[in-house]
Amino acid sequence: MTVLVTGGAGYIGSHALLRLLREGERVVTIDNLLRGHRRPIELLQERFPGKLTFVEGDIADEGLVSGVMAAHGVTTVMHFAALTYVGESVEKPLWYWTGNAAASLALLRVCDRSGVERFIFSSTAATYGQPGAEHVPIVETTPQHPINPYGASKLAFEQMLWDWCRQRASSGRPVGAAALRYFNVAGCDRGGLLGEDHDPETHLIPVILQAALGLRERIDIFGEDYPTPDGTCIRDYLHVEDLVDAHVRVMRALQPGETRRYNLAIGRGYSVREVIEACRAVTGREFAVRAGARRAGDPPVLYADPSLIANELGWRAEVTDLHAIVESAWRWFLEHPRGYGDSPARA
Ligand SMILES: NC(=O)c1ccc[n+]([C@@H]2O[C@H](COP(=O)([O-])OP(=O)(O)OC[C@H]3O[C@@H](n4cnc5c(N)ncnc54)[C@H](O)[C@@H]3O)[C@@H](O)[C@H]2O)c1
């Protein structure tokens with residue numbers, strides 16, 4: 001069996017590659033390098049000679065993807081490739097529908113024609129939109145009402161997956177599919193090989209660490225008047241290695257004809273102020289913090305109930321201490337203050 005990882009040059013995809021290679025899987029990855037980096041792929045190829053094939057290309061290119069599927073005998077797909085910025089999706093909705101829905105549909109069409117037996121999709125808490133306080137912690141049956149094109153395009157692909165599975169089961173060629181809905185993914189490979197390098201960076205922990213490195217003038221807090229203990233928003237942060245561990249468990253468990261939906265999270269939230277204090281404690285550095293106005297569309301408290309995957313597959317986050325999550329990221333940021341260093345914006 002060969003696993004196709006889409007978006008393997010990105011943050012989460014590269015961590016998934018590392019884990020799959022450690023498990024002894026044969027892996028091929030397709031990435032168009034729009035937002036990813038060549039360097040993590042090279043590092044993985046050096047660490048696991050002959051085990052990882054990289055194909056530079058777009059998942060919407062059906063000819064290219066079918067060739068990869070046939071050449072490598074792909075039976076499992078982990079689909080991480082996506083456009084991932086909420087704000088950008090509001091600015092460029094059609095680009096997001098093309099990149100996340102149409103491109104993923106093209107990938108699925110190729111899967112349908114090839115020997116793919118399981119498909120694991122990176123979905124997101126953004127598919128839930130702004131659930132009211134009565135829906136927190138969020139469970140998998142919480143109504144999904146996305147409030148931006150990013151969340152909507154991800155939810156649309158979930159629907160395509162379920163329709164595909166239903167049709168394949170009824171035609172006697174069943175396939176298994178899972179949508180894993182991530183909350184906030186954070187931290188870096190604790191072995192120090194791989195890190196997080198988004199450009200632009202919008203995630204809270206790396207943004208704070210960039211401020212601690214002196215690469216940003218300050219941290220802006222968007223709203224300090226929310227109905228939370230310290231007035232700042234509360235989110236659920238999961239270590240990236242725990243996240244990829246869940247993918248491997250799902251891959252091993254998923255049977256033809258099954259559809260699974262899981263929230264991936266630790267099941268408790270930390271406020272923006274708590275994250276800032278954890279970063280101060282871990283880095284031992286001072287940086288400026290400015291409190292500003294609320295941002296439209298930010299619910300005060302978002303965290304998940306991960307008990308469905310715990311009960312069904314025995315998965316639980318191992319790294320539940322915020323300091324440990326930050327420490328793993330800080331180690332990588334200290335050694336790579338400018339990330340992987342191949343991004344044109346940083347050259
Ligand atoms: N990072 C988070 O906290 C988070 C939270 C929820 C969901 N997710 C989901 O996880 C997945 C990975 O996120 P990430 O943070 O690693 O993002 P990332 O931008 O680091 O990685 C995405 C990768 O996909 C590639 N890519 C994008 N479109 C492509 C296409 N059409 N063809 C080929 N390659 C393409 C990019 O070049 C990049 O390397 C995404 O699907 C995202 O929606 C991430």
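In helix α8, the residues Val240, Glu241, Asp242, Leu243, Val244, Ala246, His247, Val250 and Met251 are buried, where buried means that 20 or more other C-beta atoms, placed from the backbone, lie within 10 Å of a residue's own, while exposed means 12 or fewer and partly exposed lies in between. This is a predicted model, in which local features need pLDDT of at least 70 and side-chain atom pairs count only at pLDDT 80 or more, although totals for chains, interfaces and linings use all residues. Residues are numbered from 1 along each chain as its sequence is written.

Helix α8 covers residues 240-253, and its 14 residues reach 20 Å from the first C-alpha to the last, close to the 20 Å expected at 1.5 Å a residue; the expected span is 1.5 Å times one less than the number of residues. Helices (H or I, at least four residues) and strands (E, at least two) are DSSP runs, numbered from the N terminus.

The largest nonpolar core has 100 residues, and those with the most contacts inside it are Leu180, Ile208, Val275, Cys279 and Ala329. Helix α11 (residues 322-335) gives the most to this core, with seven residues. A nonpolar core is a set of buried Ala, Val, Leu, Ile, Met, Phe, Trp, Tyr and Cys residues joined through C-beta atoms within 7 Å. In soluble globular proteins, nonpolar side chains tend to be buried together. Leaving aside residues up to four places away in sequence, Val275 touches Leu204, Ile205, Ile208, Tyr270 and Leu322, contact being counted when C-beta atoms, placed from the backbone, lie within 7 Å.

Around the ligand there are 30 residues, of which the closest are Gly7, Gly10, Gly36, Ala81 and Ala82; a residue counts as near if its C-beta atom, placed from the backbone, lies within 6 Å. Helix α1 provides the largest share of this shell, three residues.

Some backbone features deserve a separate look, since most residues other than glycine have a negative phi, and most peptide bonds are trans.

Leu33 has a positive phi, near 60°, in a residue other than glycine, and lies in the loop between β2 and α2 (38-47). Leu33 is partly exposed, because 15 other C-beta atoms lie within 10 Å.

Technical notes. Contact = placed C-beta atoms within 7 Å.
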